[in-house]
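Subject: Structure for you to look at, with notes

Dear colleague,

Please read them with the structure open beside you.

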Amino acid sequence: MSAVPLRVLACGDVEGRLEALFGRVRAIQGKSGRFDMLLCVGDFFGSTSETEWEEYRTGAKKAPIPTYVLGANDQETVRYFPDVSGCELAENITYLGRRGLYSGTSGLQIAYLSGTESQDEPAPAYSFSAKDVTELKTSLLSTPNFRGVDILLTSPWPRDVGTFGNSAGEIDTKKCGSKLVADLAASLKPRYHFAALNKAYYERLPYRNHTVLQETPQHVSRFIALADVGNTSKKKYLYAFSIVPMSLMDSAELVKQPQDVTENPYKKLRKEAQKSKAALCAEEETACQFFFDLNKHQGKKRPSEGKERGNSQPKQAKKPPQPTGPCWFCLASPEVEKHLVVSIGTHCYLALAKGGLLPDHVLILPIGHYQSVVDLSSEVVEEVAKYKAALKEFFRSKGKRYVLFERNYRSQHLQLQVIPVPLDHCSTEDIKEAFISQAQEQQIELLEIPEHSDIAQVAQPGTPYFYVELDTGEKLFHRIRGRFPLHFGREVLASEALLALPQRADWRQCAAERAEEAAQALAFRRDFQPFDFALRA
């Protein structure tokens, strides 16, 4: 049975004209049926956005379709995007982030790059640099059997996109646009590439991604630039199309070449990209082994390449997948706030939560890049279990029991949130009842699963889910099929029924100074030391 195509709308510069945009979307859906998503490139906010935006931000109005937007292109609109890694701006309106890959449950892969090109390093908050593009390319090209992405979203046009193609009208594509975006498009081979900012509509003829008679046929790419919403010239700003994710398509169907296909406009860049990909494949991937001082009392280093294990021919562990953009939790990443790290094992580490619900709210995190518990390799699962046992013993020594939860939804790196609750404050039944009753209030089906069952038995890799685990081994599970409140787990624990700390339900409202965070981490590390298996020889 063939896969059902996704129905997608793409839009150019909105510039704050939300009523005009969503009114048009409602009209299209009323006439043609529902679409699955709306993708917005260019300037989503404008100088006169405040009044209309306030109604959506506060929930007085709601976008009629799941809407995904790129970030700021100038300093004035940076304030509308509070989290550089992406966040929900309003109900049904999501900021994708600075750069990365969005993979929906359907399998559709959308690469995105926010901002305009900058020569500065680091780039301003509203721009991207050569380093940003290189890191995005590297993370995707290193994926095994990478063939391309379904959709690429950028705000600027790619330089030279008109080469070998039809005319772009008044836009000179040899002078207009970004060379870095052209480089990105050449490497990622998007089936559809959308851009804006030039207040013009241009649908380029499809171009091929292989050299005829020299390379195996590949899919074609289509570049579409969209005008600004409500423009007086009636230039096209909304583009509707249907797409079956590349991963679900028959190879022969995917690589069919339309009659009007042209040569690739980025021929020179493609040759350079192929050389760089070959070099990447030839290089041996470096293992994720990173050691930190942590006051020089963190215990022995993890053995490397099987040494110190008494095994001259160690079994090679499966390497974790690489992140598709900057990751705040991969221990190798410069984004990691290492002053919060309190223990480092072989495959996992423990860190205080930023803006924690309590001072001893911790995260169990894999050192390598894994999205969820069900994606973990056996050795990582084993060490997660060790950290759970150590934390149970530690918190019980302080008259507490822990509640652990994971939200595998709109998250890139696995975070097991571990929050202690005083034993004399509530029982395990109280905790389960609080989660189940508050889930029912929000039409969330939270099911109890057998105590000794594995989450991997009820959820396949790539399945969005939320689950809660008590230190008794009892578990509650919800399969996410649509929207899900991002702070649900924390909100339940913060509620009057449990910790009675409703003012701390949002971590962003609990931010502390770096010095205070470092002091809390030092205190936790000292207290946890007798229970930390990673320190034992």
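Buried residues, meaning those under 20% relative accessible area, with exposed over 50% and partly exposed in between (1.4 Å probe, protein chains only), make up 52% of the 537 residues in the chain.

Before the details, please keep in mind that this is a predicted model, in which local features need pLDDT of at least 70 and side-chain atom pairs count only at pLDDT 80 or more, while totals for chains, interfaces and linings use all residues. Residues are numbered from 1 along each chain as its sequence is written, and side-chain values use heavy atoms, with hydrogens and water left out.

The chain as a whole

The chain contains ten helices and 23 strands, where helices (H or I, at least four residues) and strands (E, at least two) are DSSP runs numbered from the N terminus. With contact taken as heavy atoms within 4.5 Å, 71% of the contacts between residues at least 6 apart in sequence join residues at least 24 apart. The chain exposes about 25,500 Å², of which carbon and sulfur atoms supply 50%; accessible areas come from the Shrake-Rupley method with a 1.4 Å probe, and for residues only the protein chains shown count as cover.

Helix α4 and what follows it

Helix α4 spans residues 179-188, and nine of its ten residues are buried; among them are Asp 183 and Ser 187. At its N-terminal end the helix is capped by Ser 178, which has a side-chain oxygen 3.2 Å from the backbone nitrogen of Leu 180. Ala 186, also in this helix, is buried with a relative accessible area of 3%, and its C-alpha atom is separated by 8.5 Å from that of Asn 264, 78 residues apart along the chain.

After α4 comes Lys 189, in the loop between α4 and β11 (192-195). Most residues other than glycine have a negative phi. Lys 189, however, has a positive phi of about 50° although it is not a glycine, and this lysine is buried, with a relative accessible area of 16%. Lys 234 likewise has a positive phi, of about 60°, without being a glycine; Lys 234 sits in the loop between β14 (220-225) and β15 (238-243) and counts as exposed, because its relative accessible area is 74%.

Buried charged residues, and one arginine

Lys 432, in helix α8 (residues 428-441), is buried, with a relative accessible area of 8%. Its side chain is joined to that of Glu 448 by a polar contact of 2.9 Å, a polar contact being a pair of N or O atoms within 3.5 Å, where within protein one must be able to donate a hydrogen and the other to accept it, and residues adjacent in sequence count only if both atoms are side-chain atoms. Leaving aside neighbours within four places in sequence, Lys 432 is in contact with Glu 448, Leu 470, Glu 474 and Leu 476.

Asp 471 lies in the loop between β22 (465-470) and β23 (475-479) and counts as buried at 6% relative accessibility. Not counting residues up to four places away in sequence, Asp 471 touches Lys 392, Arg 396, Arg 401 and Tyr 402.

Arg 536, in the segment after α10 (514-528), is partly exposed, with a relative accessible area of 47%, and a polar atom of its side chain lies 3.5 Å from the backbone oxygen of Phe 531.

Leu 153 in its surroundings

Leu 153, in strand β10 (residues 151-154), is buried, with a relative accessible area of 0%. Its C-alpha atom is separated by 7.8 Å from that of Leu 70, 83 residues apart along the chain. Leaving aside neighbours within four places in sequence, the contacts of Leu 153 include Leu 39, Val 41, Leu 70, Ile 110, Tyr 112 and Phe 194.

With kind regards
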